[in-house]
Amino acid sequence: MGDNPDELVRKAHSKLTPGFLGKMFSSKESRQEEATDLLTSAANIYKIRKDWKKAGETYEEIARLEVEQGGNTAYVHYQNAAHCFSFVDKVKSNQMLDAAIESCVKVGKYMQAGKTAQRIATECEENFDYPNAIDKYKKAAEYFAMESQNTKSMQQQCLLKVADLMCISNHKDMFTEAPKIYEKLGMQYLTVPLLKSSAKDMFFKNVMCYVAKKDEVTAEVNLKKYLLEDPTFDDTRDSKFLKAVIKCITEPYDVEGFRKEVQSYKTVRELDKWKLNMFALAIKNIEKDDMEEIL
């Protein structure tokens, strides 16, 4: 590893822009191949030296060469570039991941595209960038759905993230798209013995979306439907809670009754971020309508 990486890059560039004799005695393909080898050596040395910017730039150049040569592994080099840039330039790192996704899709590597989109989504979620996280989780789910391998569970995980983040962040589509996702997942889980118990969670979330929206009619209709689909859901704390709060959002509204139900519910169920936000929205909507009636 005593080689000078800058010199290796210079040699690679000279291979890519040869003089008259260079073009005469070697093909473009062979020159590009030699340049790729030189750039790969340089990138590895930069990486070892933790010169992250130059390493990222070099991997990016390798990826572009791979695309030019019609190869199908450019996404690997874009991912390497993203890793290196992640230490010095987060924006550039995400650009490289987007390029990796595009490269994967072009060569039909949908599993890899989905995993990369999911990786970006997770980082966005951790940074509370919910709009971009939702968008990337959606994309990941789409790519997993396009994969011929068994990726249904990965698709379901991403769709659940989409719905949950919509509800947590008060996304504009939280009352239209999220309930549909919960119902779809719930019905799918019912058909898989190992996931059947998780269907109840999806049904609870679907109905709770309509409770938060103060749509008591749809909430009640859906709850009855899910109790028919899964009779075991009826004798649960979640089901009993939903039945009680649906009454609270039905005229005459009962804000205090809703609060008491929440207090009772939280003695047996943990109130995570999702539940806290949805319960708060429901109370806010009841109080708003209650005040309008008084005025």
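The structure is a predicted model. Its secondary structure consists of 15 helices and zero strands. Along the principal axes, the C-alpha trace spans about 90 × 40 × 30 Å. The radius of gyration is 27 Å, whereas a compact globule of 295 residues would have a value near 19 Å. Of the 295 residues, 46% count as buried. Among contacts with a separation of 6 or more, 58% join residues 24 or more positions apart. The accessible surface comes to about 15,800 Å², and carbon and sulfur atoms account for 52% of that area.

The cysteines may be considered next. A disulfide is a covalent bond between the sulfur atoms of two cysteines. In this model the count of disulfides is zero. Cysteine 104 illustrates the point: the closest cysteine sulfur belongs to cysteine 158 and lies 15 Å away, which is too far for a bond, because a disulfide requires sulfur atoms within 2.5 Å. Cysteine 248 is likewise in no disulfide, as the nearest cysteine sulfur, that of cysteine 209, is 18 Å away. Cysteine 104 counts as buried because its relative accessibility is 0%, and cysteine 248, at 6%, also counts as buried.

Val192, Leu194 and Leu195 make a nonpolar patch of about 270 Å². Valine 192 is located in the loop between α10 (177-190) and α11 (196-213). Its relative accessibility is 32%, so valine 192 counts as partly exposed.

How values were computed:
Residues numbered from 1 in each chain as written. Predicted model: local features only at pLDDT ≥ 70, side-chain atom pairs only at ≥ 80, totals over all residues. Heavy atoms only, no water. Patch = residues over 30% accessible without salt bridge, like charges linked within 9 Å, V, L, I, M, F, W, Y side chains within 5 Å. Areas by Shrake-Rupley, 256 points an atom, 1.4 Å probe, with all protein chains shown as cover. Salt bridge = Lys/Arg side-chain N within 4 Å of Asp/Glu carboxyl O. Helix = DSSP H or I, 4+ residues; strand = E, 2+ residues; numbered from the N terminus. Buried < 20%, exposed > 50% of the residue type's maximum accessible area, 1.4 Å probe, protein only. Rg over C-alpha atoms; globule rule 2.2 N^0.38 Å. Contact = heavy atoms within 4.5 Å.
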